[in-house]
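The sequence and structure are shown below.

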Amino acid sequence: MTIPTITLNSGIEMPQLGFGVFQVPDDETTAAVTAALETGYRSIDTAAIYGNEVGVGRALAASGIARDELFVTSKVWIDDHGTDAALRAYDATLERLGLDALDLYLIHWPTPARGTYADTWRALERLLAEGRVRAIGVSNFEPDHLDHIASAHGIVPAVNQVELHPALQNRAVVAANAARGIATEAWSPLAQGAVLGEPAILDIAARHGKTPAQVVLRWHLQQGRVVIPKSTTPARIAENFDVFGFALTGEELAAIDGLERDGRTGPHPAQFNG
């Protein structure tokens, strides 16, 4: 199975389906990432604050998969905002992962009250200019945060990774991303399971002979988003990968679109300051 890719505004290709390791303990991460790679995933999303970059690195090293076939993302945490601190954080992330460079490096949260994300972005721009990372982006940025970066800096983020699922479709952010040529990546794409019992999703799943999770992931993919489901169960990891052999109709997509209820599972980016 060849995973579809999207072309980022930096010109590189990013797999549309990836594997996330949020809240996976480091001692479980190697097995989970190994199972994902054996299933066929080639994009792995981690972060410094997850505390499992070492576990990810072990799995990557042991996989035998060529580096240019992998797409690895990590993120700079809020305690390392600022130009110099972010540069040091990047070096530490590479060391934990055992890599020479990342494919994508993100600012994890804007933490607007701290007023430091613009300085942090300068560090990411420097890493990109030096060829030490292939693409740079942000996570949990609202439209006004994107505007601030755009007005102060020359490089537009390649990706904005935000909470996005049927219960929280983040439409203003998705529109702001699209207007700026920024790819939207969905974290918590299944709302931590909160949407899987929705009658509309159950009905669509029964119609296609698929699970509710597969239907929701397919909904994301057909709308052009990058999606990074997480699991530590090999069977579930494989199930989440099996989302390319069917397609939802326009009516089915609209039914899932109708499940929006501002059902946020994480903090609001405008209020989160660590």
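Which side chains meet in a salt bridge at 2.6 Å, N to O? The side chains of Asp-45 and Lys-75 do so, where a salt bridge is a side-chain nitrogen of Lys or Arg within 4 Å of a carboxyl oxygen of Asp or Glu.

## Basis of the model

The model is predicted: local features need pLDDT of at least 70, side-chain atom pairs count only at pLDDT 80 or more, and totals for chains, interfaces and linings use all residues. Residues are numbered from 1 along each chain as its sequence is written, and side-chain values use heavy atoms, with hydrogens and water left out.

## A buried pair between strands

Helices (H or I, at least four residues) and strands (E, at least two) are DSSP runs, numbered from the N terminus.

Asp-45 is buried, at 2% relative accessibility, and Lys-75 is buried as well, with a relative accessible area of 0%. Buried means under 20% relative accessible area, exposed over 50%, and partly exposed in between (1.4 Å probe, protein chains only).

## Other salt bridges

Across the whole structure, a search finds 15 salt bridges. One of them joins the side chains of Arg-58 and Asp-26 (3.2 Å, N to O). This pair links distant parts of the chain, with Arg-58 in helix α2 (residues 53-63) and Asp-26 in helix α1 (residues 26-39), 32 residues apart. Arg-58 is partly exposed at 40% relative accessibility, and Asp-26 is partly exposed at 22%.

Within helix α9 (residues 234-241), Arg-236 and Glu-239 are three residues apart and therefore separated by about one helical turn. Their closest N and O atoms are 3.8 Å apart in a salt bridge; Arg-236 is partly exposed, with a relative accessible area of 44%. A network of salt bridges links Arg-67, Asp-103 and Arg-134.

## Packing of α4 against α5

The axes of helix α4 (residues 117-129) and helix α5 (residues 143-152) come within 10 Å and cross at roughly 55°. Axes are lines fitted to C-alpha atoms, for helices over the stretch in contact, and angles run from 0 to 180 degrees between N-to-C directions. The contact (heavy atoms within 4.5 Å) is made by Tyr-117, Ala-118 and Trp-121 of α4 and by Asp-144, His-145, His-148 and Ile-149 of α5.
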